[in-house]
Amino acid sequence: MKKLFIVLILAGLLTLDSTALGQENAEAVSQDVDISGAELGVSEPTILPTSPLYFLKNVSRFFQGALTFNPVKEAELFLKFANEKLLEAKKMAERQGISPEALKNALENYNREMERIRQRLETTAEKTPAMENFLDKLVDSGIKHQKILDKISGDFRPASQAVEQIKEKSLETVTAVPLKLEAAEEFGGRLERVMARQTGSGFKDFKNL
């Protein structure tokens with residue numbers, strides 16, 4: 001029951017709109033949705049899944065993964081790939097002439113990386129300092145992912161239903177991984193700390209709503 005409560009809090013906070021936050025925060029909300037690659041610790045994509053050269057990116061990712069054996073390091077790599085692939089989908093949604101199917105495939109590419117994180121850490125029971133750091137990164141990126149997905153949905157309405165499904169799946173990973181290692185109250189504190197460090201939308205002021 002406590003786990004469900006935390007999940008509902010996170011889902012509610014990430015779907016706050018400018019009306020709920022107040023008119024004075026509307027501009028900040030709009031700016032905060034447009035997350036950059038720098039904010040996720042990756043470069044802005046220049047080669048998209050629609051490019052014939054895209055396979056080269058996947059080859060590079062494959063070899064990076066093949067050379068990583070530590071479970072936390074591997075999860076960090078999958079999170080990096082997820083960040084990159086979501087930004088690819090975001091850029092695709094902003095372009096003219098992109099088909100709904102192509103965008104949905106790009107979103108599934110992102111979702112698969114998030115699933116790999118959960119699967120890789122499924123049997124991890126020890127919360128080391130490295131794991132603590134990763135959990136903060138996962139929650140921080142997960143919040144930003146929700147905002148990016150909202151922007152994709154607004155930029156490309158034909159894919160809005162697919163976006164909502166991806167949002168739910170992503171949110172499951174962002175909550176399920178920490179909750180395997182810590183109590184709901186501890187995860188709630190982590191969520192609050194991470195949100196307080198983020199800038200822009202005023203989500204960190206949720207206690208005042």
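Reader: Which helix holds N83?
Author: Helices here are DSSP runs (H or I, at least four residues), numbered from the N terminus. This is a predicted model, where local features need pLDDT of at least 70, side-chain atom pairs count only at pLDDT 80 or more, and totals for chains, interfaces and linings use all residues. Residues are numbered from 1 along each chain as its sequence is written, and side-chain values use heavy atoms, leaving out hydrogens and water. N83 sits in residues 71–94, helix α6.

Reader: Is N83 buried or exposed?
Author: Buried means under 20% relative accessible area, exposed over 50%, and partly exposed in between (1.4 Å probe, protein chains only). N83 has a relative accessible area of 3%, so N83 is buried.

Reader: How many Å apart in space are N83 and L40?
Author: In sequence, N83 and L40 are 43 residues apart. Leaving aside neighbours within four places in sequence, N83 is in contact (heavy atoms within 4.5 Å) with residues including L40. C-alpha to C-alpha, N83 and L40 are 6.5 Å apart.

Reader: Are α8 and α9 roughly parallel or antiparallel?
Author: Helix α8 (residues 129–155) and helix α9 (residues 160–179) pack at about 170°. Angles run from 0 to 180 degrees between N-to-C directions; under 35 counts as roughly parallel, over 145 as roughly antiparallel, 65 to 115 as roughly perpendicular and the rest as oblique. So α8 and α9 are roughly antiparallel.

Key. Helix = DSSP H or I, 4+ residues; strand = E, 2+ residues; numbered from the N terminus.
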